[in-house]
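Here is a briefing on a structure, grouped by topic. Please keep the sequence and coordinates open while reading.

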Amino acid sequence: MKPLWFLGMNRTGVVREIAGGRGVRKRLTGMGFIEGVTVRIIKNDNYGPLIVSLGEGRLVLGQGVANKIMVEEVG
Amino acid sequence: MEAARVLQTGETVIAMAGNPNSGKSSIFNNLTGARQHVGNYAGVTVEKKEGKLIHQGKAYKVVDLPGTYSLGAYSEDERVARDFILKEKPDVIINVVDASNIERNLYLTVQLLEMGANVVVALNMMDEAKEKAIHIDVAKISKLLGVPVVPTVATKKQGMKELVVRAIQAANEPKREALKINYGSDLEKELKKLEDIISSHSQLSQEYPSRYLAIKLLEEDQEVYQQVKAIPGTAELLEQSEESAAFLLDETGEDAESLIADRRYGFISGVSKQAVRKRISAEQRLSFSDKIDKVVTHRVLGIPIFLAAMWLVFQFTFALGDPMIGWVEGFFEILGGVVGGWLAAAGASDLITSFIVDGIIGGVGSVMVFIPNIVLLFFAIALLENSGYMARAAYVMDRFMNTLGLHGKSFIPLLVGFGCNVPGIMAARTLENKKDRIITILITPLMSCAARLPVYVLFVSAFFSQYEGLIIFSLYLLGIVMAVIMGVIFKRLLFPGEVSPFVLELPPYRIPTLKATMIHMWERAGIFVKKAGTIIFSVVVLIWALSVLPWGVEPGSKESALGQIGSFFAPLFAPAGFGSWEASTALIFGILAKEVVVGTLGVIYGVGEEGVVTAIHQLWTPLSAYAFMVMTLLYTPCAAVIGTIKRETGSWKWTVFTMVYTLVLGWVMAVLVYQVGRLFGLS
């Protein structure tokens with residue numbers, strides 16, 4: 001497991017844990033970000049926000065949020 | 001229209017709910033056409049859009065709820081939407097679902113159904129789903145959710161008729177049962193305990209669907225918790241809910257909120273498995289939008305592309321808008337002349353003529369000249385938003401904005417502020433976090449708007465004509481630097497600790513429709529025009545009155561009330577090098593609208609705007625001129641901006657705070673410029 005932030009470009013991971021406060025979790029839940037979903041990194045420049053693909057959607061996640069999402073790399 | 005009025009009481013209310021970017025607004029526009037009204041929900045800055053739908057000679061009220069992903073009271077938008085559904089009890093809710101991204105959109109649907117709302121689903125963007133090779137069995141979904149589902153393509157107006165028929169039909173049917181998702185034995189046992197208590201409490205069971213309330217309490221929803229607490233006789237219920245939540249955490253190792261969300265998504269994936277077929281898995285496909293994003297969000301190319309886009313926006317706004325300003329000016333001049341003629345013919349006194357022609361028509365006219373720029377700027381922004389680029393701009397600018405403790409979305413209001421601070425402050429609405437929004441609103445007036453440019457041009461041509469570009473650029477830059485500094489200070493002092501999560505959806509690129517763009521534009525421009533009629537009008541009248549009182553003085557002279565106030569404040573500005581009553585008076589007039597500073601100096605020096613350059617050259621020094629430009633840039637924003645801040649923050653506290661801090665900042669910087677300049681032997 002590692003924070004989403006450390007997943008490289010075009011890598012895929014399964015969300016295992018979402019740390020952080022209620023507000024962040026609520027927000028992520030509403031957008032489909034829950035434990036068990038598969039996400040793919042569309043863009044990770046190692047600074048600035050990430051772009052991830054989640055289902056049909058594309059989300060921008062700030063560094064702070066991306067550090068709170070723990071994923072298991074699967075490909 | 002007549003029919004609409006008769007139906008005012010007991011009229012059927014159709015609410016529209018859906019995710020952002022689901023095409024909800026397009027459907028709302030299709031249903032209501034031009035019969036729309038934009039207001040605010042009481043006490044919050046969330047926009048309330050209402051419209052009228054006419055079907056078979058009957059009028060129906062359509063309320064467009066704010067776009068939300070969930071109804072969890074995460075943001076003001078969600079709270080407003082939820083309260084409306086619970087308290088106003090609309091007869092039917094049209095839930096717009098993006099068919100090309102169906103799983104995530106159904107999360108909101110499920111919550112609506114759990115509330116027992118009377119829902120009709122508009123399965124929108126069927127064309128995009130088809131393009132993505134997603135096949136949806138509409139009848140199956142309808143059966144699984146237990147509500148009517150109508151496939152639509154809002155941009156092509158497909159499915160609208162059926163949607164209306166189904167919605168009205170549903171509105172007339174008896175209320176349906178709330179959806180019951182099986183939350184598993186652990187949760188269900190606790191839910192049952194809570195439901196039993198709720199059912200035995202008459203007020204609670206009347207105000208809330210009991211299972212819905214039980215779920216909300218288990219989720220530890222603070223908003224609902226407080227509402228329940230305010231009702232007498234609910235202590236037992238709240239105690240039980242806390243006990244149940246603690247028990248679940250102990251038993252499963254997860255909080256009830258996550259368990260509930262998991263089950264909801266479980267239900268949704270069950271629906272999707274039975275009714276949705278995808279040929280290519282989403283994770284494997286690189287869409288057309290992704291290909292554009294490879295370039296647009298590129299770490300090196302992203303910023304120049306963004307700057308080029310902004311340059312185009314400003315070219316569009318000002319190159320096209322400036323000639324139109326002349327038309328507006330001409331219109332108010334002619335209007336003033338005509339009305340003045342009538343008044344003279346009717347034998348009105350000089351005072352009344354001056355009040356109406358100079359005060360009202362001239363004053364409102366001086367604000368209305370911004371209409372062309374504002375309309376065009378809003379048009380350009382609506383184009384950027386509707387095409388999907390705005391979200392990318394926020395991504396690109398996030399790094400820079402982080403240094404201010406804000407995130408990428410705050411950049412848009414600041415940028416718009418260069419055109420005019422009013423729409424800039426209004427654009428801060430897109431920020432979900434209230435603190436981010438307030439900080440952004442507080443610093444937006446430091447962006448050098450187009451109205452300040454004429455003041456710079458005047459002083460530059462008097463003293464610095466060789467360095468015109470450089471001097472003006474330095475002022476724009478100073479505004480940005482001050483905004484950064486103040487942003488950091490406000491974040492540290494006023495809202496310490498809080499870093500709001502930056503989560504933003506990147507909608508697929510779409511070709512914006514002219515209709516949607518126009519509607520978007522008129523909504524916002526209309527608010528500006530309305531404001532000119534109220535707060536700006538009062539300020540105009542006040543300043544005019546000060547300029548002609550006391551009775552019989554030369555209007556705007558040193559002896560007038562305004563001139564006296566100017567003289568009174570003049571010594572205050574002596575350390576900044578412009579301690580004359582003329583300068584102070586011009587600054588006071590400048591609060592009406594910044595470019596009025598130029599006209600005021602013209603009037604006071606008695607030379608008109610043409611001779612004012614010569615007059616300034618004789619009476620000022622380059623250093624005092626620069627200090628005065630700094631003051632004009634930073635000090636108290638114009639009346640239109642003040643009114644907008646009041647409207648957007650809903651608070652006099654923040655409004656007065658902005659007026660005062662900008663005044664202090666302007667003074668300090670002007671004095672600093674003058675005194676440091678003198679130290680270096682400039683004068």
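Helices (H or I, at least four residues) and strands (E, at least two) are DSSP runs, numbered from the N terminus. By that numbering, B:Ser500 sits in the loop between helix H23 (468-493) and strand E10 (503-505) of chain B.

This is a predicted model, in which local features need pLDDT of at least 70, side-chain atom pairs count only at pLDDT 80 or more, and totals for chains, interfaces and linings use all residues. Residues are numbered from 1 along each chain as its sequence is written, chains are lettered from A and ligands numbered from 1 in the order in which they are written, and side-chain values use heavy atoms, with hydrogens and water left out.

**Confidence**

- pLDDT is the predictor's confidence in each residue, from 0 to 100.
- Chain B averages a pLDDT of 85, and 92% of the residues score at least 70.
- Residues 1-9 of chain B have a pLDDT below 50. Beyond near neighbours in sequence, this stretch has 6 contacts in the model (contact means heavy atoms within 4.5 Å).
- Where pLDDT is low, the predicted coordinates should not be read in detail.

**Chain A with chain B**

- Chain B gives 41 residues to the contact, and chain A gives 32 residues.
- The two chains bury about 3500 Å² between them, 52% of it on carbon and sulfur atoms. Buried area is the accessible area (1.4 Å probe) that two parts lose on being put together, summed over both.
- There are 4 salt bridges between chain B and chain A (a side-chain nitrogen of Lys or Arg within 4 Å of a carboxyl oxygen of Asp or Glu).
- A:Glu56 and B:Lys278 form a salt bridge through their side chains, at 3.7 Å, N to O.

**Helix H1 of chain A**

- Helix H1 (residues 22-30) of chain A has 7 of its 9 residues buried. Buried means under 20% relative accessible area, exposed over 50%, partly exposed in between (1.4 Å probe, protein chains only).
- Among the buried residues of H1(A) are A:Val24, A:Arg25 and A:Leu28.
- A:Gly32 follows H1(A) and has a positive phi, near 95 degrees.

**Buried positions in chain B**

- B:Ser500 counts as buried because its relative accessibility is 11%.
- B:Ser500 touches B:His407, B:Asn433 and B:Asp436, not counting residues up to four places away in sequence.
- B:Ser500 and B:Gly405 are 95 residues apart in sequence, yet 9.3 Å apart in space, C-alpha to C-alpha.
- B:Val296 belongs to helix H14 (residues 288-296) of chain B. At 10% relative accessibility, B:Val296 is buried.
- B:Val296 and B:Tyr389 are 93 residues apart in sequence and 8.9 Å apart in space, C-alpha to C-alpha.
- Leaving out residues up to four places away in sequence, B:Val296 touches residues including B:Tyr389, B:Arg392 and B:Tyr509.

- B:Asn21 is not a glycine, but its phi is positive, about 65 degrees. B:Asn21 lies in the loop between strand E1 (13-18) and helix H2 (24-32) of chain B. Its relative accessible area is 34%, so B:Asn21 is partly exposed.
- B:Ala133 is not a glycine either, and its phi is positive, about 60 degrees. B:Ala133 lies in the loop between helix H5 (126-131) and strand E7 (134-136) of chain B. B:Ala133 is buried, with a relative accessible area of 17%.
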